[in-house]
Structures are given as structure tokens and as C-alpha cells.
Amino acid sequence: MSGFEYIVQQIVNAVSLGSLYALVAVGLSIVFGVLRLTNFAHGDVMMVGAFTTVLLNALGLPFVPAMAAGVVGAALAGFLIERIAYRPVRDAPDVTRLLTSLAVTYILENLGILLFTSSPRNFPLPAILNESWQLSGGAITFTNINLLTIALTFVSLLLLGWFITRTTTGLGMRAAAEDMPAAQLVGLDVNRLIIVAFLVASAYAGIAGVLWAAQAGVVQPQMGFTPLLKAFVAAIIGGFGSIAGALLGGYVLGALEIFIVAFLPSSVSSYRDAIVFSILIAFLLVRPGGLLKPNREIKL
Amino acid sequence: MITLTRRNTLGLGLGAAAAALLTSRTAGAADPIKIGYPANLTGIQASLDGPMLNGAKLAASEINDAGGVLGRPIELVVYDSKSDATTISTVASQLIDSDKVVGIIGFADSDSVLAIGPQVQTAKIPFITPGATSPKLPSQIGDDIFLAAFGDNVQAAVGAEFALNKLKAKTCYLLTDIGAEYTTLLSDYFVSAFEHGGGKILERDTYKTGDKTFTAQIAKLKAMPEKPDFIFSSSLAEEIGLILKQLRQAGITLPVVGGDGYDSPLLIEVGGEAANDTYFTTHAFVGEGASPKVKAFSEAYKKATGKEPENAFAPLGYDTVKLMADAIKRAGEPDPAKIRDALAATSGLEGVTGTITYRPGVSVPDKSVSVIGVKDGKLFLADEAAPSFVAEP
């Protein structure tokens, strides 16, 4: 394997991991953009999507329709969370809303544990997705699930881009994100916009949940925590609340994690997470608003 | 989850108490002897601690059916400690202060034992871990800590000798999960034994418990100028299946060797075809063609739980309850200090996973190690051995 092939392989790895982070971070950012709410339950909505897929698949539904159902299930879960938990506290202080979202996280996670136990269970991936491509005599490899992750990320983000720049509802969402009272004053139905934001964000969580579980090979009720943490970091790197920023942040984080392991000696790379977070802190000191929002302070 | 488990235990205890009442008729003598059992029934350790608890409950009900210990039934007081150090500490206080247990049994991993250790040692309650394998535990915590399993230095040495002699492998790529005490130590012991036997570690790399992507490390392995003969991956059950899958997908077909952290149904469920040509050291072989003693255990386990033992941790849990009961019997009364001394004097106690003898001053038993291999998606007993060289703990 030449040095060039090695670098290409690591870039493939970074793009694949980054896509996953980006997908989760974008969903987190949509909700934050509209509601100024850090939705900790986002990871658990991913879990709902993954479990719906596994259960329907076990009942005999083929993988693709089961996955679609998982995405719908996640969107529905997001809708219910907004309606039941977040709407009553929408005008409450930030701390109240933050704690509400933490509470939702715990409730969903424990509900999952009660229903399915917390033992990890196998995520049944169709054999075709596990197959790998060998380029340049096997020096560069990637699997179909990597390809699917990258492709789904691109397609769904293009759709999102079109939705928020070309449709009335999307434009309304951006208006509400910019200034909620003003949007209300000019006659936008803010309730409807928030519902749409949650549906879209949670559908993203559903897609991300299925892909995450497919990569991990297992599902379990606590599976949402790690992706949430990664997405949170990605969103902060990019500029919290900015969708493009979340996307960029996801890829930056994925690349950092892969390249630290790939290009540093293993005695150093074993401190990977410490290095990543040190870079994050140093970076935030220079650009407190993240990559794309240099002048705006982040408020949680 | 806690309430559910608690209710089960209470039910079991009440049932046992009722049975004892019928036979002995003296109310005082029927008070159960309480043994604490913190179990990581949820979280990362669940696939090991779950079967272990089933085995432990089976032993307890067998002991009670045979009249209990010292004329009294034993009761396992079970709480879910959630694979979480803070919860473990809360559960420990509950067991020691409120439930007043005379001994505690628990855990399949060294980190959990380290979390409960100080409290147990301060309260002077004898503690046996069925599945934790760090030989350092007694020296790290104190003389109330006993292991029912072999030490990691022993299993790592068997793994190293298996690779050198049976796989004829002289060079190794070492991958270590640095997120756990168990995996870190196992790697160190493996390196000592492997290098002592003339093997050479060509390259080392690390990851952390919970990682889902190992592609960066794998690409590094593929780029090595000299190809190793095999991979030693010091990993836990949740990651090893995934590591194997990603290795095979990258076209690496080298044999993979590891420790008893692999011993969970997840290895084959998640790994699938990728799990072939994997070998791991563990406490007993519970699959097809197991020894008569293990077979008898498997049948009783199946009768009690409705399924085959998932891994070697089930018989370990079983053996440990028998070990504790034996010590209580020899102590003559359920007094923690006397039980500890009786435990330390255990000699030639036959169990499903081997014979337990504690040499004077050593709380880690000498037991033989099973090497299990995977072929065509099935487990087989590849070797059973005691190592010729063992690294110091």
C-alpha cells in the first residue's frame, strides 16, 4: 500500500464518519435554530428510529420499508415530544426547557430499557450492505453501508437546503428562527412551523439512528448518548443553530477523529478524545461563535 | 429495573423462606442468610452479568432445596448496578448498611470491582467476584477480596502460548481498548508472555470503549511494511464483533486472539461470518461437546431459565455462590470475619469451571484455561491448558 493510497483510505474513512456526525448535528441544529432549545432527546429519537426498524424487520418487513417506517416512527416521536413536553414550557426560562429536554431523554431511555431490556441486540443488516469494495488491489476498501451513509447524507441535506430556501414553510421556519415575535406579528403560524421543524429534525434523527445502528451492528436503549455528544461538539464547531455550520462541523469532527489516529503515533493517538476537546476549547477561544458564526455568542 | 429485580429476589427469598419453614418449623432458624449480589443487568456489562446472575440463582435454589446452609436458607439480595461506578457505590451502601448482608458476590469486570472495593473492605465484608480477572485486585483493595476465576496474567499467557505453539504465529499486531482496566492489563500481560516465548509485537494501536469505527486503525494495520501473523485484540464483548466485521471488510483475514471479554453471544451475532478464525481464552466451554460436568450444569440451567448457558459466566456465577456457601458452612456461623477466614482456607472445592484452592495469602485461584475457537459460525474447544510462564501480577 502506497502512502497515497493510505491517505485516500483515511479520507474515505473520515468522510464516512463525518457524514454520520453531520446528519445528527443538522437535526440538532434545526431545533436549536427555531426554538433556541438544546434538544437532548435528539439521540433518543434516533434510538426510536433504530428500534422501530429492528422490530418491524424482525416481524418480517423487508429492510428498506422497515427503515422508512423507522424514519416515520422517529418523526412521530419528535412530534409527540414537542406536543407533550416542550410546548407547555416554550415560554419558560432556558434552564427549565433544558431540564425538560433532559427529562425527556431519561424517560425515553428508561422506557426503552423497560420494553426491550438494556442488553444490546443485533441489528440485522442485509448482506448486500455489508459487502465491501476493493480498489487498487484491495489497498482501499469501503463498504456499501459507508456508501449509503454518504449518499443519504448528501441527498437528505440537498432536500433540506431546497426546503428551507425554496418553500414558504421553509422560509417561515427561517423567519421564526431569526425572530420569533416578529414572525408572529407578520402573521406566521408559529405553532405549525415549530411542529414542522420537529418533524423534519426527528426524521433526520430517524435516518441517522438507522445508519448509526447499521455501523455499530447493535441497538440498545442507551445508544443515543454518544451520537448526541458528538453532534453537540460538531454543532458547536460549526456555529450552533446554523445548519450549514452543523454540516461542516460534523465533517471537521469526523476528520479530526480519524486523522489523529491515522497520522499520529499510537502512544499519542490514545489521547484522541482529549486532543479533540483541547482543539475545541482552543478554537472556541478564538472564534466563540463557531466556524460560521464568528460574531454571535452561543447561548444555551 | 431496580424494582423489578428486587421483586424477583424477594419472591425467590420468600419462596425459599417458606420452603425452609415447612421443613425446620423453627422461625428463627428459617431467617435467610443474606448474600449481597450487585449485578450490572443493564449497560455495557449486561451480556456477561446477566447469565452470571442466572447461574448464581440456580446455585442458590439448589442449595436451598438441599436444606440451605447451617440449617438456614440463603438469599441473594440483587440490585441492578447499571455498569456505572456511582450506582455501584450506592448499591454497596444499601447492601452493607440496610440489608446487612454477610458476604457480597458480584461483577464480571475489574472496573466494577474497583468501584465497590473500598466500601466492602472498610465494612470488612468478604467479597468474591465470579468473573473479574485482574490479579491485582486483592493487592489494590485488600484481604476481603477474592477471585473465583483465574487471573488475567494466566489467561493472557495461555493466549500467547496458544498463538505461538498452535497457530505457529511469531509476530503480532496488538489492539487495545484503553477505556477499561481489564483490557489494558490483559494487553500488558499478553505482551510479557508473548515476548517471553520469543514472539514479537510489530505494532500497537488503541481505541476506547464505545467506539464504533475502527477503520482508521485498520487502514494503519494494512499499511504496515511487515505483515503480522495474527492480531491480539484486547476487547470487550460489545466491540469485538464490530472490530472483526470491519477487519474482514477491509480484506484482513488474519486470525484474531483475545480474552474472556469475547465470551458473549454478541461475538457471533454481530460478527457473523467475520467471527471465523477467532480464538479466545475463557473459564469453561459450554457449547456442543462440553465436559459431563458442564453438560449437567447446562441442563439444570436450561430447566431454570429456558435457554442454554450463554457463556462461561453462567457457570462462574453458579460456582461462586457454591464457594460462598461452602465458606459459610465451614465458618460455622454467618459472621463476615469468620466467613473471610474460611474462604481463604478453601481447598480443592470442585466447581463447574474447575477446582478452587487458595494458596496461603493468595486470593486468586490457580485454574486451567479453555481456549475457544470460532469455525463456520460455531464455537469449539480449541485447547485447554495451564501456562508454562505467567507474568507477575
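Two residues count as being in contact if their C-beta atoms, placed from the backbone, lie within 7 Å. With that in hand: among contacts in chain B with a separation of 6 or more, 72% are between residues 24 or more positions apart. This is a predicted model, where local features need pLDDT of at least 70, side-chain atom pairs count only at pLDDT 80 or more, and totals for chains, interfaces and linings use all residues. Residues are numbered from 1 along each chain as its sequence is written, while chains are lettered from A and ligands numbered from 1 in the order in which they are written.

**View 1. Chain B as a whole.** Chain B has 13 helices and 14 strands (DSSP runs numbered from the N terminus: helices are H or I with at least four residues, strands are E with at least two). Its radius of gyration is 21 Å, close to the 21 Å that the globule rule gives for 393 residues, so chain B is as compact as a globular protein of that length (the radius is taken over C-alpha atoms, and the rule is 2.2 Å times the number of residues to the power 0.38). Those C-alpha atoms fill a box of roughly 75 × 40 × 40 Å along the principal axes. Of the 393 residues, 61% count as buried (20 or more other C-beta atoms within 10 Å of the residue's own; 12 or fewer makes it exposed, in between partly exposed, with C-beta atoms placed from the backbone).

**View 2. Strand S2 of chain B and its neighbour.** 7 of the 7 residues of S2(B), residues 74–80, are buried, so the strand is largely enclosed by the rest of the structure. Ile74(B), Leu76(B), Val78(B) and Asp80(B) point one way, and Glu75(B), Val77(B) and Tyr79(B) the other. Strand S1 (residues 33–39) runs parallel to S2(B), joined to it by 7 bridges (strands pair if DSSP finds at least two bridges between them). Getting from S1(B) to S2(B), the chain passes through H2(B) in a right-handed β-α-β crossover (clockwise from the first strand over the helix to the second, with the strands pointing away from the viewer).

**View 3. Strand S8 of chain B, with a partner on each of two pairings.** Here 5 of the 5 residues, 230–234, are buried, so S8(B) is largely enclosed by the rest of the structure. Strand S6 (residues 171–177) runs parallel to S8(B) with 5 bridges, and Cys172(B) stands opposite Phe230(B). S8(B) also runs parallel to strand S9 (residues 256–258), joined by 2 bridges; there Ile231(B) faces Val256(B). With helix H9 (residues 237–249), S8(B) and S9(B) make a right-handed β-α-β unit.

**View 4. Where chain B touches chain A.** Chain B brings 31 residues to the contact and chain A brings 29. On the chain B side, H2 (46–65), S7 (200–207), H8 (215–222), H9 and H10 (266–271) each supply at least two residues. The largest share, 6 residues, comes from H8(B).

View 5. Over residues 1–27 of chain B, pLDDT stays under 50 (the predictor's confidence in each residue, from 0 to 100). Where pLDDT is low, the predicted coordinates should not be read in detail. For chain B overall, the mean pLDDT is 90, and 93% of residues reach 70 or more.
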